[in-house]
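This report covers a chain contact, a helix pair and a hairpin. The structure comes first.

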Amino acid sequence: MSLVQFLWLIPALPLLAAAIGAIVPHRSRKIASGAALAAMAGAFVLSVFALREALAAPGTHSTFNFAWLNTGEFKLHLGFLLDPLSAFMLVMVTFVSFLIFLFSTAYMREDENYEKFFCYLSLFASAMLGIVVSNSLLLTFISWELVGLASYLLIGFWFHKPEAAAAAKKAFITTRIGDIGFLLGLVWVHHATQTQLFYNGGAGFLEIAAIGKLSVLLPCGLFVSSAIGLLLFAGAVGKSGQFPLHVWLPDAMEGPTPVSALIHAATMVAAGVFLMARIYPMLALEGILPPGTIFPGSEIIQNPNGTTSITLITNALPKNEILTDGPISIFLPHHVSGVLPFTALSVVAFIGAITALIGAVVAVAQNDIKRVLAFSTVSQLGYMMLAIGVGAPGAAMFHLLTHAFFKALLFLGAGSVIHAAHHEQDMRQMGGLGPRMKITFATFAIGMMALSGVPFLFSGFWSKEAILHGAHGWHVSHLPFYIALVAVVLTAFYMTRLMANVFFGGARSHAAEHAHENTWTITLPLVLLAACAVLVGFLGTPAWPWLQAQLQGDTTTPFAFGKIFEGVGLLGLSVFLVAVGIGAGWAVYGVRKRGTATAPDPLEKRFPTVWRALEHRLYFDEFYAATVFKLNAALAVFADVFDSCVVDGVVRFVCKLSEFLGFINKDVDEHGLNAGFNATAEKLRGAGGAYSASQTGDARSYLRALALGFVVVTIVVLAVVLADGTLSRWLPF
Amino acid sequence: MTSFFNILAETAATATVEPTGIVAFLTRSIPAAFVALPILGALWLVLQPKIADKAARVSGLVFSFSTLFLCALTGIIAATSDTAVQFSTRSQSSGPLNVSFDLTLHGISLLMVLLTGIITPMALAASWKVARPRLFNILFLLMQSAALGVFLAQNFFFWFLFWELSLFPAFFLIKLWGGHSASRAAYQFVIYTIGGSAFMLLAFAAIYATTGTWDFTKLAWHLGSGGDAYGKIGATGTTLIFLGIFIGLAVKIPIFPFHTWLPDAYAEAPIGASMFLTAVMAKMGLYGFYIFLASLLPHEMAKAAHWLVWLALANIVFGAYAAMRQRDLKRMVAYSSVNHLGYCVLAFAVIRTRWIETTIFSHTDGEELTALTRGISAASDGAWLQMFNHGLSAAALFFCVGVLESRSGVRGLQDFGGVRKVAPLFAALCGFSMFSSLGLPGLNGFVGEFLIFRGVFAHLPWAAAIATLGLLGTAIFLLTFWQKVFHGPAGAHTGAITDLSKREIAALAPIVALMVLFGVWPQLLLDILKSLP
């Protein structure tokens, strides 16, 4: 019996915990957190078994599908999928979530809505696990939106704070913009292939049966698969905080810190990358047009810059002809000519690179410890998207997993600091916490080194290395590779700045002076995550790329130490860049530590204009406020004014006209006709003037007329029925 | 693609085995009982002028439950019967106008009847504290009965009778129990609707003059390929008939630009009436839209479909954006209905855009035809689900605004704040309604919208793309509502807010439970829709 049939239990357990959390009274709040922890532990155990089973049969996708909606004409299926991709993700999500839940029991102890917090956390975990185990794009979308809801509730958890309420709304709306693309992509997939299951024994839309339907060229020169991929990517851009929809993520730090660790570091924001990795076989379809293939009447030119131009003269072909070339059919419904504008994957790669750079640059100038980490998350997610775009989904997933551990570690470490410093989040008010919080300091340092990519020992180094390798080998352009290299330096720089400001030097505030180490429920997760931040990296080193091989369904992964030296030039370069970043960071912030909380940043003194721009996050919010929001508001004003002035104006004119006619009527009646018609005239006047508000009418007489009307109707009905004699037939006796 | 009525005629012809005994009695009398029981309740109240207020309220509520009770009975009979049963009360045609009395339950009418059965008791519970409850309940029961008649009638004569009869109780409910400018809103509502109906009546008079029948099934034959009604009426005539019916229905639904009565009427009406107006009365219009335009006049509909698509898109986009500007919560919810019903109009219009290709000239190859018919099926199923689900969520949202207004006397967007802190249960239930309304998967609103988008995309992808603006707009204004009222620091009137009373919980909680149930298990609704031919 396959475990896949019981895979639904993994999201169902936390859902049950959420239900318990929703109903327990405040006085037995421990039940809520206990249920959440137990559910997550259970889900983790199941996930480990699932991973064992997935690894036992590499390269297969075991599925369990069922019809959710049967309209008679077609069925909509939901399903669960077990393969290495989902299994690795399951283990990571359940493990990290468990530790974050454990952390939260201490962190949220004082909160009056403690049990609600665990209810929302469990709901979130359930939806997130739903995305992971889903074998159906529809189930993914459903879980995706529920993740959005849970994140809305958690960001706005302290809803009495207006900033938290605004941030929650901003997050939901911004991600929904992307989700609209997702919805259209989902609908298009189902329209084009008549299925939305990923795998279904060869009939899923990621499998062979759908290739012919998805490799249709659109008039714009894109494959259908690429267009759908781009729409789904829009959803991923929203959820994963990619440029240009990244603006919600830093604001989301208004939520409690465990939420930031869970949602905005390890899991939810990774969902976009996971989705892209999941549908990668479809995205890669656009690569089936091999350079140099000659179709009848068409020319395919390999451009010097690596892109492919296609000129298809379909006039020469019978309409709706299906051309066959090798195993792939390319359907040419329209006249297609000109250069293939771009490929979906190159869009993904460039968006990823831009995001990686923007996040890293802006993180340099943030003073709120959580915001630094938030922008660092934006930047790292950009790396993952870049990896997908350049055709290295294995590297993207590797980085996703390592990042989840070390970024959760960093956020929880920040939480530990904030908790100790009485909810102070401004780094300028901290300082000197290293000796006071030794465990937090040590684990945070491990996380920092993993994120910066300190070589050999730390996981972030290996996964980032894999991405850089992929970007280096991309045939389309080297620009993303160079951007990624710049971001490497910046990452090391801003993390060194953060360390120096928080843990070194002297305490710069009362709160920092009195900070002390937290209880074990807070430090234990830190230690475990720190261990993972080191160890997970060894699953995917070039010497033994076991993880990537498993994700690709490759069974044999020999250990070959020498492989490390294959890309030694690149390896050396990135080691050098990390050293530059950390060195520069220490030179600016470590050698002469910040003296007081109010002193300006050394870089601020040097480059005030640039600093201000970075501090304001490159004015993205201001830009959107001036453009998108204005446009939206203008559309709303237009709709409202159009409604109340133009449409209603016409109606009012018609009413006045009829009132006028009524008046004329009355006039003619009273003066022109004899008195016998006066009664009629009164009625007409009533009808004409009925609209005017002054005419209140006698309710009683109306009611009498109404009652009379009903009686008449009833009599008519009975008469019709009785006259027919059918009533007697109704009586069976 | 055969029309809805052809299928009906076929099934009626094949159902030769007549059930006997008590089941036969019930299947013959249930449709009439749907209409008669609320009227009986009203009559009973009429005959008790001295009845105590509480007794009047209770008896109104009891009679309003008759519809749900009969729905349950229908379900039991349909489930236990071996053969396909038809629930139909009918007589032979008689009289000078050749009218037959015919009330029949179909799947689509059953869904709408069920909606009426759920909403009416809830609306009465929402209006528990109104003054003069006896009169209020009399009017409400009459309105319920008329609405049920519209969903059940199988010929235009009775259909139109019920259609107009529903108007007068609504008028008095708005006028006598409404806000300070209720009188104006009530007159506007009635004159607008009657004005529209007049065109519809003329159109049907013309059809009757040509075909000599009021009966929907016979009309389908006359207007379909079997009859020669088109030849007799002529091209201009059919266009005029189509327009006449369209105007009558467009006012009721309402379709842009015939919607300006709606915000006033919904905002001024007492809360129970607002719930009924949006949940049930708007559906009467859509029901007629499907029966008359999409099924009886598919040729004309196909010609007009592209225009209708634009009007529906105007509903969707304008409705959402106009709602964003409203500072009165009731008006905001009213405009959200304009938006939500736009999706249904869009679906009904789209299923006829390719009607000619899919029926008469079947040039398209098999696979493309499958894709088109699947699109049609998705759009029309989606529209019916959307109609039902919008009924639940919009009524629940009006109920919630009513809760705010009944405690504080105001209902402005800026009047509250931090309500979630003082009334957590109310906030939770209102939150469910709101997320149901904005189409969150897992709640009922999503399924209909998804199917509509699926169907529309198959035929007019660009229309689906434009319609997504409505999804975004809905999220924006509903979350603004939520943020301003429930979040943030306490506002000027938050002090007056208390959490839900037991009566309010009893009214709102079942609806929210249904939202979750139909969201997780939408097949239930589809099964009801397909349970009867």
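## Contact between chains A and B

The contact draws 64 residues from chain B and 56 residues from chain A. Residues are in contact if their C-beta atoms, placed from the backbone, lie within 7 Å. On the side of chain B that touches chain A, helix H22 (residues 461–486) of chain B gives the largest share, nine residues. That side of chain B holds 37 nonpolar, 18 polar and nine charged residues. Ala, Val, Leu, Ile, Met, Phe, Trp, Tyr, Cys and Pro count as nonpolar, Asp, Glu, Lys and Arg as charged, and the others, Gly among them, as polar.

This is a predicted model: local features need pLDDT of at least 70, side-chain atom pairs count only at pLDDT 80 or more, and totals for chains, interfaces and linings use all residues. Residues are numbered from 1 along each chain as its sequence is written, while chains are lettered from A and ligands numbered from 1 in the order in which they are written.

## Helices H16(B) and H22(B)

The axes of helix H16 (residues 329–353) of chain B and H22(B) come within 11 Å and cross at roughly 160°. Axes are lines fitted to C-alpha atoms, for helices over the stretch in contact, with angles from 0 to 180 degrees between N-to-C directions. H16(B) and H22(B) are therefore roughly antiparallel (over 145 degrees).

Residues from H16(B), including B:Leu329, B:Gly342 and B:Val350, meet residues of H22(B), among them B:Ala463, B:Gly470 and B:Phe481. This contact has nine nonpolar, five polar and no charged residues.

## Hairpin in chain A

Strands E1 (residues 62–70) and E2 (residues 75–82) of chain A run antiparallel, joined by eight bridges. Strands pair if DSSP finds at least two bridges between them. Helices (H or I, at least four residues) and strands (E, at least two) are DSSP runs, numbered from the N terminus. A:Asn65 has A:Gly79 in E2(A) as its bridge partner.

Four residues lie between E1(A) and E2(A) in this hairpin, and A:Gly72 in the turn has a positive phi of about 95°.

Methods
Two residues are in contact if their C-beta atoms, placed from the backbone, lie within 7 Å. Angles under 35 degrees count as roughly parallel, over 145 as roughly antiparallel, 65 to 115 as roughly perpendicular and the rest as oblique.
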